[in-house]
Amino acid sequence: MDNLKPRIEIDPSAGFCSGVKRAIESAENLLKSAGEVSCLGEIVHNEAEMDRLEGLGMRVMGPDDTKIQKAGSKVLIRAHGVPPETYKELKDKQVVITDATCPVVLRLQQKVKQASAEMLQVGGTVVIYGKPGHAEIAGLVGNASGNAIVISTPDQLDSLDFTKPMMVFSQTTSDLNLYREICDTILSLARKTATGETKVMIHQTICGQVSRRAPAIEKFAGSHDVIIFVSGSDSSNGKYLAGISKFVNDHTYIVTGPGQLNPEWFAKAYTIGISGATSTPQWLMQQIASEIESMI
Ligand code: SF4
């Protein structure tokens, strides 16, 4: 390319959501004051950030590690939240809990709890659209006292009884368009029941910080020649957003860190955009920008 140096821009909408930021700040404060903390599961789905925090002294607990905690040990609950039984188990063991459950998730847990109580009275059920096995789903189902059915694909709707009342919620990080499709199908199936009566109540509970990212990455990806999308390999939000970027801009490259950058990607680029998931740390995107700067 000519002597013109490509312009590099970090996506202003990329990086930690407020819930993850808050949980990481809690971990850092605990590490400063106590020198150690155990987090129930990975605090964020990003290998580089996990390495940084583990280097500062954070330990990641597996689901069964709650059973072996000693009185006085310090446990951090991450942004996804946990079911009520986990709080009880930790309290019974006299563990010092720091609860970094995201306030948005906490409010959803309360709504699900209330909905479950109402549905139990009228013989109805709570339906939650989300990823089975995800920590947030486990917390929501726990708050429904087991009276919740988790749906992750439209074909699973056949197992629901549409003659009975139903309250529908979504995991906060689900895809808004897919949730809309699921809800439309639920409503149309409910209308086809014998009474023709719709007893379904839909709640839109996808976090705005997630749903706003899709149109933002679409715009950002379309305004650069090359996109470097930085994400942990386990981040579902990362996979989803990187997919949108790739759809809009064929020159989207997904990396977990600067070591994966290839100078050939930038040979014909006038503008290079760097974006990431809601679990990608700002410092990592800046590191990527510096590395690209040194390559071009
Ligand atoms: S995505 Fe939204 S609900 Fe989930 S942790 Fe982040 S701010 Fe909270």
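E28 and R52 join their side chains in a salt bridge, 2.6 Å from N to O. E28 belongs to helix α1 and R52 to helix α2 (residues 47-56), so this pair ties together parts that are 24 residues apart in sequence. The model is predicted. A search of the whole structure turns up six salt bridges.

**The E28 and R52 site**

- E28 counts as partly exposed, because its relative accessibility is 25% and the buried class requires a value under 20%.
- R52 has 28% relative accessibility, so R52 also counts as partly exposed.

**The R213 and D11 site**

- R213 and D11 meet through their side chains in a salt bridge, at 3.7 Å from N to O.
- That distance still qualifies, because the cut-off for a salt bridge is within 4 Å.
- R213 sits in helix α8, while D11 sits in the loop between β1 (7-10) and α1 (18-34), so the bridge ties together parts that are 202 residues apart in sequence.
- Both R213 and D11 are buried.

**The D92 and K88 site**

- D92 pairs with K88 in a salt bridge, and their closest N and O atoms are 2.8 Å apart.
- Both residues lie in helix α3 (residues 84-92).
- D92 and K88 are four residues apart, about one turn of the helix.
- D92 is exposed, and K88 is exposed too.

**Packing of α8 and α9**

- Two packed helices are described by the distance between their axes and the angle between them.
- For helix α8 (residues 213-222) and helix α9 (residues 236-248), the axes come within 9 Å.
- The two axes cross at roughly 35°.
- The crossing of α8 and α9 is right-handed.
- On the α8 side, the contact is made by R213, A214, I217, E218, A221 and G222.
- On the α9 side, Y240, L241, I244, S245 and V248 make the contact.
- By class, this contact has seven nonpolar residues, two polar and two charged.

Technical notes: Residues numbered from 1 in each chain as written. Predicted model: local features only at pLDDT ≥ 70, side-chain atom pairs only at ≥ 80, totals over all residues. Heavy atoms only, no water. Axes fitted to C-alpha atoms, helices over the stretch in contact; angles between N-to-C directions. Helix = DSSP H or I, 4+ residues; strand = E, 2+ residues; numbered from the N terminus. Left-handed = near helix turned anticlockwise from the far one by under 90°. Contact = heavy atoms within 4.5 Å. Nonpolar A, V, L, I, M, F, W, Y, C, P; charged D, E, K, R; others polar. Buried < 20%, exposed > 50% of the residue type's maximum accessible area, 1.4 Å probe, protein only.
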